[in-house]
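Me: Please take a close look at the aromatic rings in this model. Which rings pair up, and what surrounds them?

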Amino acid sequence: MEPESGIGSSTSPCQFSLVTLSRNLLLAYQSFGVVYGDLSTSPLYVYSSAFSGKLRNHHNQEAVYGAFSLIFWTLTFVPLIKYVIIVMSADDSGEGGTFALYSLLCRHAKLSLLPNQQAADEELSSYRYGPSSAQAASSSALRRFLEKHKRLRTALLLVVLFGACMLIGDGVLTSAISVLSSVSGIQSTESKLTNAELLLLACIILVGLFALQHCGTHRVAFMFAPIVIIWLLFIFSIGLYNIIYWNPKIVYALSPHYIVKFFRETGKDGWLSLGGILLSITGTEAMFADLGHFTALSIRLAFVFVIYPCLVVQYMGQAAFLSMNLDSFSNSFYASIPEPFFWPVFVVATLAAIVGSQAVITATFSIVKQCHALGCFPRVKVVHTSKHIYGQIYIPEINWILMVLTLAVTIGFQDTTLIGNAYGLACMTVMFITTFLMGLVIVFVWQRNFFLATFFLLFFWLIEGTYLSAALMKVPQGGWLPLALSVIFMLIMYIWHYGTRRKYNYDLHNKVSLKWVLGLGPSLGIVRVPGIGLIYSELTTGVPSIFSHFVTNLPAFHKVLVFVCVKSVPVPYVSPDERFLIGRVCPRPYRMYRCIVRYGYKDIQRDDGDFENLLVQSVAEFIQMEAVEPHYSSSETSPSREELMDLIRAKEAGVAYIMGHSYVKARRNSSFIKKLAIDIGYSFLRKNCRGPSVALNIPHISLIEVGMIYYV
């Protein structure tokens, strides 16, 4: 978001600072409704999850003190120090998340596996970040080692994709555990619902939640912020009341000494309980992932001055209550609420759970969009839901898949402890991967000492690895779910990426000889009719093999031909004035051009009907620029004017979009696994995803398709 207009050079620094501060305070307010719903609703289920299982044998005051001390120091080290202070400084032009870190690494070391990258992409204004990549390459043996081995670069991409798959699983589990935990509070009242009625209520709320997704978070974020703020005031007040009323001595548990006593007393049972303790930091990744919607300062202000103190006081208050009520662990949050305030807190808790789910679902849409930009996810419909916040999108297919999976998890498990085991494993895996990528960013992007990066990795991996090891022990008790979901999504991503790369390599190795095209002459051996033909291909150089099929199958061709390549580059956004890269394919009389259309991984290909005009305008500017370059003589300016007039007349005659309707099949001598991946897996995905013409917003009435079989 840009600063408000009207701030000119005459504005004093004091006025500018006030405007900047007020803007960040407004964004901090809005962030409550988008970023912090998940993290702030964790007190609903942390203690009940931690003290289930074998820790039931340790329902005593010392164990409660130790559990709170663990929660306090975990909140301090992971969300506060790691994310707020360190990780959020590694934004990619204001964007956050694992893909932002991977994008930074791809730009500062040659780690990208996108097939059609060019040196010209490095000239984009958004490509540059900090020290130049040339300086980095000369100072890092590790960088050269990674660049040299393709398998390591592939492994890095797989790690990023695995984190993305876990985050998609997080989108399923967050909604299930948040809504089920919030409505389970009714069980604490005298008018108890049966388990079936409680489950039905949770499912109704979940269906309503996903049915509202098409509206977009921009319309409700401002309205949702007061809900989360009221919720935070409630949990802070209840926590403070419980500390004073039940056990003020709980403040002593801030000492890490109680963590040592906790493990000394509980042993292996205490270690296994970490799978429940880690739920206190679920939703932390959203602070970094949703950075592009706000600013780093606004998210930091909200966390340091509101979220962190409210959560610490609430967990401390709940621990104070439990230390004096050792039979209330199964529903500790609602049991700790003073009776007159139960129903207001219950209503706000349910609304806050919905807000928390909304944030993670929206993040899932962004993750899927970014995976598609990397060529690792089938084409899906992407709807831009906000005119003001560019990154807010809605993907109908993913929304309904998430709804079905969430309902299946809710109905299948019916237990927040089991869902919590799965949820904790998914969240901690994403954090573990973020720590790994951040270590590489410290070395490659920030150009810091290798030993500093090693210390960062070892310190936070020690904390997160301990939690992750405990979460992995819960695999038989629900933890298998995110692993199963990740395997399914990884399989889809790998098959799609494998098939797409094979198809691209076929085009790359079967390009039409330029000598053959020149031999046809300017007429190409067929009738050239008025109009512009846009020939779509993934190649950034040469003439695609499908062009020979066009020439031999079509009786006439357009007078102006433009080979269009739409590709992704490892930056979040590409400026509109840098989007089109124009060049010639053949000498001027052939009227054949190449247009490379570049999008960032967060860019949306809008269906605004202006693509044709922008493309033709870019070609015209290229012709004019070429005519005035010093190496062209004055005698050549007249042909340039003629060329420009031909372009204008061709545009007036009409534009046709020419694409290959391709069928990809494995060669006969291919292995069984390859035939299974290409002929069944990739073919199924291609048939059931959106067609390339629909994904590229090509008008159907202007589309010409020529069939072609790829044997890969």
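Reply:
**Aromatic rings**

F455 counts as exposed, at 55% relative accessibility (buried is under 20% relative accessible area, exposed over 50%, partly exposed in between; 1.4 Å probe, protein chains only). F459 is partly exposed, at 31%.

A note on the basis. This is a predicted model: local features need pLDDT of at least 70, side-chain atom pairs count only at pLDDT 80 or more, and totals for chains, interfaces and linings use all residues. Residues are numbered from 1 along each chain as its sequence is written, and side-chain values use heavy atoms, with hydrogens and water left out.

The structure holds 36 aromatic pairs. A pair means that ring centres of Phe, Tyr or Trp (its six-membered ring) lie within 6.5 Å; planes under 30 degrees apart are stacked, over 60 edge-to-face, the rest tilted. Take F51 and F329. Their centres are 4.4 Å apart and their planes meet at 35°, so the pair is tilted. This pair links distant parts of the chain, 278 residues apart. F51 sits in the loop between α3 (46-50) and α4 (61-86). F329 sits in the loop between α15 (296-324) and α16 (332-335). Helices here are DSSP runs (H or I, at least four residues), as are strands (E, at least two), numbered from the N terminus. Both F51 and F329 are buried.

Now back to F455 and F459. They form a stacked pair, with 6.0 Å centre to centre and 25° between the planes. Both belong to helix α20 (residues 450-472). Being four residues apart there, they are separated by about one helical turn.

K503 lies over Y710, at 4.8 Å from the ring centre. The test asks for NZ of Lys or CZ of Arg within 6 Å of the ring centre and within 35 degrees of the ring normal.

Backbone angles deserve a last look. Most residues other than glycine have a negative phi. N697 has phi near 60°, a positive value. N697 lies in the loop between α27 and β8 (703-711). It is partly exposed, at 27%. R591 also has a positive phi, near 55°. R591 lies in the loop between β5 (580-584) and β6 (592-599). At 9% relative accessibility, R591 counts as buried.
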